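Here is a short report on charged side chains and how they pair. Look over the structure first, then read on.

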Amino acid sequence: MARLYVLLFLAQIVLAVCALISCLSAEEGQIRALPRIAWVLIILFFPLVGSIAWFVAGREPSSGARKSWPGGAGSPERQRPRPVAPDDDPEFLRSVQDRAKQQDQELFRRWEEDLRRREDDLRQRDGEPPREGDRPEV
C-alpha cells in the first residue's frame, strides 16, 4: 500500500511540474480566467487540484477545431511563397555546377601546361628539340 502512495505522490509532483511549466511558458493570450500569478500560486498550494484546474480551465485549448496548425492548407502562411533553400534552387545549382566545371578545366589546363613544360625540359636536357606538332590542343 505504501508503494501505491509513493507512486501517486510522484504522479502528483510530475503533474504539478508539467502544469507549472505549461503555465509559465504560455503566452498572455492563452491564459484564461485568472492572471498568471494566481494560477502559479494555485498550482503550488494545491498541486493536484490546481494542476487539473490549469489544464481544464486555465489555458486555451489547442484543439484543431478552434485553431488550425500554422502552415496548414487554408492558412495564409501556406499561400505565401516560401523561400527556397540554396540546394533546392535550380539556378544556384547550375551556377555551382558551372563554377566547378570552369575550375576543373582551369586545373586540367594548368596540368597540361606543366606536363608540356616538363617534357620540353627533359628533351632539352637530352638534346632533342621540343616537338610542337605532336601535341593536341585543348
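R118 and D114 sit four residues apart in helix α5, so about one helical turn separates them. The model shown is a predicted one. Within it, R118 and D114 form a salt bridge, and their closest N and O atoms are 3.2 Å apart. Side chains of opposite charge can pair when their charged atoms come close.

How open to the surroundings are the two partners? R118 counts as exposed, at 51% relative accessibility. The cut-off for exposed is over 50%. D114 is partly exposed, with a relative accessible area of 26%.

Helix α5 covers residues 90–126. D121 and R117 also lie in helix α5. They are four residues apart, about one turn of the helix. Their side chains meet in a salt bridge, at 3.5 Å from N to O. D121 is partly exposed at 39% relative accessibility. R117 is partly exposed too, at 44%.

Which residues are linked in a network of salt bridges? D114, R117, R118 and D121 are.

E113 and R109 make another salt bridge, with the closest N and O atoms 2.4 Å apart. Both residues belong to helix α5. Again the spacing is four residues, about one turn of the helix. E113 is partly exposed, at a relative accessible area of 41%. R109 is partly exposed as well, with 36%.

| Salt bridge | N to O distance |
|---|---|
| E113 and R109 | 2.4 Å |
| R118 and D114 | 3.2 Å |
| D121 and R117 | 3.5 Å |

How many salt bridges does the count come to? The count comes to seven. Among them are the E113 and R109 pair, the R118 and D114 pair, and the D121 and R117 pair.

**A serine in another helix**

Now turn to S51. This residue lies in helix α3, which covers residues 47–58. Is S51 buried or exposed? S51 is buried, because its relative accessible area is 0% and the cut-off for buried is under 20%.

Which residues does S51 touch? Leaving out residues up to four places away in sequence, S51 touches L15, A16, A19, I43 and F46.

**To recap**

R118 is exposed, whereas S51 is buried. R118 pairs with D114 in a salt bridge. S51 has contacts that include L15 and F46.

How values were computed: Residues are numbered from 1 along each chain as its sequence is written. This is a predicted model: local features need pLDDT of at least 70, side-chain atom pairs count only at pLDDT 80 or more; totals for chains, interfaces and linings use all residues. Side-chain values use heavy atoms; hydrogens and water are left out. A salt bridge is a side-chain nitrogen of Lys or Arg within 4 Å of a carboxyl oxygen of Asp or Glu. Helices (H or I, at least four residues) and strands (E, at least two) are DSSP runs, numbered from the N terminus. Buried means under 20% relative accessible area, exposed over 50%, partly exposed in between (1.4 Å probe, protein chains only). Contact means heavy atoms within 4.5 Å.
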